[in-house]
Structure formats: structure tokens, C-alpha cells
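My entries are below, in the order I made them.

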Amino acid sequence: MPATAEKLDGSRVRLAVEVPPEDLQKEYGRAIQRVGRRIKIPGFRPGKAPRRLVENAAGVGAVMQDLLEAVVPRAYTSALDETGVNPIDQPELDVPELPSLDAPFLFSAEVAVAPTVELGDIDDVSIEVSVDEVTEDEIEAEIEQLRTTQASWEPVERPAVAEDMVQTRIRIVGDGIEPEDPQAYNVLVGNNGFPVGFDGAVTGAAAGDQVSYDAQIPPNDPNEALRGRDVTFEIQVDGVSEQQLPDLDDEFARSVGPFETLEGMRERISGALGERKTHESQHELEEQAVQALVQRATFEIADVLIERESEGVLRERTDMLVRRGVPVDTYLAMREQTRDEWEEEARSEALNRIHRALALDAYADAHELTAEVDEMQAEVDRVAEYYPQERRNIIRTNLMRDEAGQHVARSVRSRKAIRALVAAVTDGAAPLHDHDHHHPEPPPELAAAAEPEDDPESAQA
């Protein structure tokens, strides 16, 4: 069955397929038998009636339609083999009216194909390797954070000021709002989620005071019943407490960690901050290198592939919110974001993922980077470490399945490509940090392969 392929824009191909008359005539005879088995003709067993009687009983059009339903899929599959086209979606067929058995039958099929990428020249890319020094202010900030975790709140007999904790009972009143009993809240003055006006109302108030203020609830408030309403906050102040930080001495150092002295704690904090900075610098270096590769590449990607990846991003984000117990609409209201904006954000993320994957895959091909068996096993073990001990065996089993193994190999090749790319744009500088070791969370495609939706144990976890 002769066929030709015409490349279209948007990573699509149009196949022109020709079915010879002799093939049509053979299939017509088989169609007569199939149609004959579906109808009753007096005096004949199903499928045994002569052609003329079947045509008269069912109609030539019905026989021809049956012929097309058999010929077109087979001819399309044959055309794919002949042209080497690799589709990633169902074809859009353009099939003309019923064919003649005496002439070639022509039809076309337009189909999305695998994306392509052409890498650009990155020889001019040069990225400086550097890590910011740890400053004394940063060390002090970490220590103050530790002191805060060990702080106590002590009641005081004075009016509330900024950074005090006030013990309150609050009732919200307004038109159309069902009256409720006051609710107890411990609120930090100057750092809380109450609408503007709260801090001013309680500042200067002491235990036993009653204060109130009017406010408009923001349109992104988590409580849908209150959004945008004009309300009054009636506040009963039951007490005021101030924060008492522990003394900064050796005893404090021993109370927050395995430190013998305050100076020893400072040294450990300095080292941890330095580790964090080198890790962040390595991550930033990798991102800059990959973005340089992506920006210089040319891509051709079918819309259907982008839509599939976008749907995957939306599922990931929705699942994350579900695990946190946050409805999507509430999340969007808090961000003052519409559904369309959320979906467009997911599409942008999907396109970025596709670009990165294609560019790194092409870079790996260009430099003949492969995923060796021991590297894949190490990757499986690395991903399994992210999961609880009791789930690791099933995670390893899932990741060793055929299709999942392809994801594992791509992940290994991708990281090897990043390392080679970074070396190229830094003139062979040594890595700043073992970035992979400190980021055990698997990428989305490996997480999906590790816990597929049809895995019963995954569903119970």
C-alpha cells in the first residue's frame, strides 16, 4: 500500500495513503461474508448467502462501510511502517466517500509525532563558580531562631505592646452573619493573620479590657462565608504575655543540640550554613547551565504532548493540596488567582519540563552518555530511600518494571548530562556540592513510576 509522509508545523505529519483496487476487491469479498453473518436471508445459513442477495438485503453502502472499517486501520498501520512515522496520538483521518472497486482508494491521516530538538552552540557560555561567605549576621540570626524555639511566655501586668502575646476571646459580628460564641485565640501582636486594624485595637489594652474594630474581610480569606464582608471584631482581652528568651550561654547551647559550649554551637551553625550555601550555589549553577542549553535550542512539540504534561502538573498540584486538606478553590482565592491563570501556570511549568527533558536527552545523545546497570540500581536505591522502610521493597520492585526502568534510565542520563554540561560551562571546575545526595525526593516521573495508580499497596498507603 503506497504511502507518503509530509511534515507539518507543530510536530505533526500528514500521511497520504493509497489502497490498490485489487486489495479493495479482496476485502469486499470478506466484507460480504461479515455482513452476511449479521443479517438473516431465508434459505441460507449466516454468511453463506450469495453476494447479490447480501447486497440486496443489506445495501451496497453497508458492505462498503464494513470494507472501510477493515481497510483504513490496516492501511494506516502499514503506512506507519512504510514511512517510519512514530505517532504519539490517535490520527485525524480524512476519508472520502465510499470507494470504487476499480480505482485506487486514497485517504489521508494527520497525526502528532514525537517532539524534536536541535541543540544550539553553548561554546560561548561561561558561568562563574562561586559561593557566598557565611556572615556573622547570618550566624546570629540562626542562633536567635534557636533561642526563639526555647523561649517561654510569661504573664505581665501591663498593657500589650508589639511582639506580646495576647490571650483573647473574639466574636465576629455583622449583617447576615449567624451569631456565635466568642472563640479563644492566642495572638501575637504585629505578626498574625487577622485583618488590618487588629494590632492597633489590642495595643495598649490590658487583661480585662474589651476592645473592638471594624474591618472588611479580604476576598481571599479562607472562610468563604466571610469573604468581602464588612464586620466588627469584638475582642475580650484575658491576658498579656511577653517572650522570655534564654540566656546565651553554654547551658543554652547544650539544651538545643549536641554542643558542649556556645562557641562549639557557633562553629556547627557556621558549618551548616556553609553547607547550605554551597548546596544552593550548586543548584543555581545547574539551573543556569540547563537554562542556557534550553534557550539556545530549537524545539518542535505537538500540542497534545503539552496538554498531557499540563494535566500531569495539575494532578500533582491538586494531590498536594488534597494531602494538606486545602480545597483548590480556597487555595486560588488565597492567591487571588483564577482557574485560567492556574491552568496557564501549569502549562508553563509543563512546557519547561518538556524543554529541559528534551534538551538534556539530546545533550546526552550528543556526548554518548548512557545509563549503566549499576547506575540504574543506585538510582532505584536512591529513590527508595525517600519512602518509609516498610514500603521500600515494593518501590524497588515497581521501579524495576520495564516501563519504569525507562524512566530510571532517563533520570540517570539526565543527571549525567547536567554534570557534563556544568563542567563544560565552568571550564571543568569541580562540583561545589553533591547536589543529588541532598535532594532525595524523586522527580515526578519517577515518583509516578514508584507508586503507580493501579498499585494496591500504594492505594492503601
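The entries cover the ground rules, then the cavity, a pocket, a helix and the aromatic rings.

Ground rules. I am working with a predicted model, in which local features need pLDDT of at least 70, side-chain atom pairs count only at pLDDT 80 or more, and totals for chains, interfaces and linings use all residues. I number residues from 1 along each chain as its sequence is written, and side-chain values use heavy atoms, with hydrogens and water left out.

Cavity. I looked for cavities, meaning sets of points on a 1 Å grid over the protein atoms alone where a 1.4 Å probe fits but cannot get out. I found one of 30 Å³ or more. A volume here is the space filled by probe spheres set on the points, which are joined across faces, edges and corners. The lining, residues with an atom within 4 Å of a point, consists of Gly36, Ile39, Lys40, Ile41, Phe44, Arg45, Pro46, Gly47 and Ala49. I sorted these into five nonpolar, two polar and two charged; Ala, Val, Leu, Ile, Met, Phe, Trp, Tyr, Cys and Pro count as nonpolar, Asp, Glu, Lys and Arg as charged, and the others, Gly among them, as polar.

Pocket. A pocket is an open set with protein on both sides within 12 Å along at least five of seven lines. I noted about 460 Å³ for the second largest pocket. Its lining has 20 residues, of which Ile172, Glu180, Tyr185, Asn223 and Leu226 are the closest to its centre. Strand S7 (165-173) and strand S8 (183-188) each give two or more residues to this lining; strands are DSSP runs of E, at least two residues, and helices runs of H or I, at least four, numbered from the N terminus.

Helix H11. I read twelve residues, 373-384, and a reach of 17 Å from first C-alpha to last, close to the expected 16 Å, which is 1.5 Å times one less than the number of residues. Glu379, Val380, Arg382, Val383 and Ala384 are buried, that is, under 20% relative accessible area with a 1.4 Å probe and protein chains only; over 50% is exposed, and in between is partly exposed. The buried residues of H11 pack against H12, H13 and H14, contact being heavy atoms within 4.5 Å.

Aromatic rings. I counted seven aromatic pairs. Rings of Phe, Tyr and Trp (its six-membered ring) pair if their centres lie within 6.5 Å; planes under 30 degrees apart are stacked, over 60 edge-to-face, the rest tilted. Phe105 and Phe107 make a tilted pair, 5.9 Å centre to centre and 35° between planes. The Tyr386 and Tyr387 rings are edge-to-face because their planes stand at 90°, with centres 5.5 Å apart. Tyr386 is partly exposed at 41%, while Tyr387 is buried at 8%.
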